[in-house]
Amino acid sequence: CLSPSWLCSDNRLTKIPPAVCRLSQLQFLSLESNRLTELPSDINLLQSLTVLKLHDNKLQRLPDSVGQLRLVNLTANNNCLTELPVGIGRMTSLKELIAHTNRLGSVPSLAGCTSLVRLELHRNRLEQLPQVSSSVKELCLGENCIRAFDESWQAPSLISLDLNGNKLSSIPECITEFKTLERLNLSNNDLSSVPYIIGTMSLRALLLEGNPLRSIRPAIMQKGTATLLQFLRERMPADGDTQVTSTLDAMTSSANQELHAAHDMASNRSLDCSRKSKPITDELLAAAGQASVAEVDMSHCELSALPERMSLLASSLTTLNISHNRLSGTLSGFSSLTKLVTFDISYNSLSDIENIAALKSLRTLTMAGNRFTRLPEQVYLLESLACIIANGNQIDEIDPSGLSQLPKLDTLDFGNNTIAHVPPKLGNLRSLRSLELAGNPFRVPRPAVLQKGTASVLEYLRDRIPS
């Protein structure tokens, strides 16, 4: 066979023809978007193969012989895998391993993958941090079941670490030993506090939203990473004792919680109902309205709909967090909250938003971890919108024309969706300062381009606009 590639995607294949494994010169094998449930055990005969595309099939396991290949790139996301063969951990040429959106409860040690740079294992069932080689720079572990950050875990070259949507209750101070780390996503965990020493790290992005943090107000987190890091540094004790974290986080008695809530409503203009800490009654909303409350947290409250009398907060509410609830279908009941600046609806089961165009002051919309297949059309009417966080949905296309109607847009996160094509005209959005596209099935821009940052990606896209 003189051809180095064999492309057979979207062909409803249930088995690979036996002759394929005899194509000794084959370098690129594309089998994505079929109906494969298994691979032939003699796939290891393809000793020239460097790229193997298996995503979007029905694979339940990979044969041990896969570990004998000399792959550089292996994509096996969106399958039914419950385990990976141990041999994968000995693939010294492997640079990218994409296995997100499976059913993996654990993975073998990947410390032997000495060339591995990018590892995507989000949307699985992992309970521990995987052992990786010192070469790994990008690690995506979001939406798993990881409960602890092992202090002995090492990844000295790591640039980006995504632990969004796990069950972490604490972060050790040894996180500061990751000297090359630039992006750390700890959002939507169970963190009640974070070590103040994190403020000394050289992070370009630190995400903490969606945690029960009482010591860091949402308004601080919304001001961006630089402000958040400064906030943490300023709270480090002068004697260098970095073990100290917020004393507010230690308040556990119901009496103290009530006093804390009353104090917030009166002096801080905030109301925290998260994790069902207090019933969301009409009386409570009325009291919040009279106190001119500006920030309300209703996350983790098992809400299936917004409280009917949210309009009582309309005159003052600027920040509303209703993440991690049971909201589904089309979200409604908030259009009276016209002063909202920050709206977090992440990690529900929503597919649409009704009358969001009424929120003329909205600057930040966080809608991660839902079931949106596109951005609601009315979003494009929000001229004040600066930040859209829409990772972890089912969005399959980007509308650059609609996005161009948002003159203040500077942050756009479409990571971990099902986008198969990135339109070159997206490069015309010169106002963007942060663009996240990783974790989608598109082939271009390639990961090497994405890793260069937003400015490089936008330039890459502009260069490909037809003249």
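This is a predicted model: local features need pLDDT of at least 70, side-chain atom pairs count only at pLDDT 80 or more; totals for chains, interfaces and linings use all residues.
1. Cysteine 80 is in no disulfide; the nearest cysteine sulfur belongs to cysteine 145 and is 17 Å away. Cysteine 273 is also in no disulfide, with the sulfur of cysteine 301 nearest to it at 6.3 Å.

2. Overall dimensions. The protein chain has 467 residues and a radius of gyration of 24 Å. A compact globule with 467 residues would have a value near 23 Å, so the two agree. The C-alpha trace spans about 75 × 55 × 40 Å along its principal axes.

3. Secondary structure and contacts. The protein chain comes to 7 helices and 20 strands. Of its 467 residues, 52% count as buried. Take the contacts with a separation of 6 or more: residues 24 or more positions apart account for 28% of them.

4. Largest nonpolar core. This core holds 73 residues. Which of them touch the most other members? They are Trp153, Ile198 and Ile216. Helix H1 (218-222) and helix H2 (225-234) each supply at least two residues of this core. H2 gives the most, with 4 residues. As a general point, nonpolar side chains tend to be buried together in soluble globular proteins.

5. Isoleucine 216. Leaving aside residues up to four places away in sequence, isoleucine 216 touches Val194, Leu208, Met221, Leu228, Phe231 and Leu232.

6. Second core. A separate core of 61 residues is also present. Its members include Val293, Met298, Leu359 and Leu403.

7. Aromatic pairs. The whole structure contains 4 aromatic pairs. One joins phenylalanine 149 and tryptophan 153: the ring centres are 5.7 Å apart and the planes meet at 85°, so the pair is edge-to-face. Both residues, phenylalanine 149 and tryptophan 153, are buried. Phenylalanine 149 also pairs edge-to-face with phenylalanine 178, at 6.4 Å centre to centre and 90° between the planes.

8. What the second pair connects. Phenylalanine 149 lies in the loop between strand S7 (138-140) and strand S8 (160-162), while phenylalanine 178 lies in the loop between S8 and strand S9 (183-185). The pair therefore ties together parts that are 29 residues apart in sequence. Phenylalanine 149 has 7% relative accessibility and so counts as buried. Phenylalanine 178 has 7% relative accessibility and so counts as buried. Phe149, Trp153 and Phe178 form one aromatic cluster.

9. Arginines over rings. Arginine 235 lies over the face of phenylalanine 231, 3.6 Å from the ring centre. Phe231 is also one of the residues that isoleucine 216 touches. Arginine 464 lies over the face of tyrosine 460, at 3.6 Å from the ring centre.

10. Threonine 454. Where does threonine 454 sit? Its place is in helix H7 (residues 454-462). Is threonine 454 buried or exposed? Its relative accessibility is 13%, under the 20% limit, so it counts as buried. Not counting residues up to four places away in sequence, threonine 454 touches Leu432, Arg433, Ser434 and Leu435. Threonine 454 and leucine 437 are 17 residues apart in sequence, and their C-alpha atoms are 9.8 Å apart in space.

Terms used. Residues are numbered from 1 along each chain as its sequence is written. Side-chain values use heavy atoms; hydrogens and water are left out. A disulfide is a pair of cysteine sulfur atoms within 2.5 Å. Buried means under 20% relative accessible area, exposed over 50%, partly exposed in between (1.4 Å probe, protein chains only). Contact means heavy atoms within 4.5 Å. Rings of Phe, Tyr and Trp (its six-membered ring) pair if their centres lie within 6.5 Å; planes under 30 degrees apart count as stacked, over 60 as edge-to-face and the rest as tilted. A charge sits over a ring if NZ of Lys or CZ of Arg is within 6 Å of the ring centre and within 35 degrees of the ring normal. A nonpolar core is a set of buried Ala, Val, Leu, Ile, Met, Phe, Trp, Tyr and Cys residues joined through side-chain atoms within 4.5 Å. The radius of gyration is taken over C-alpha atoms; the globule rule is 2.2 Å times the number of residues to the power 0.38.
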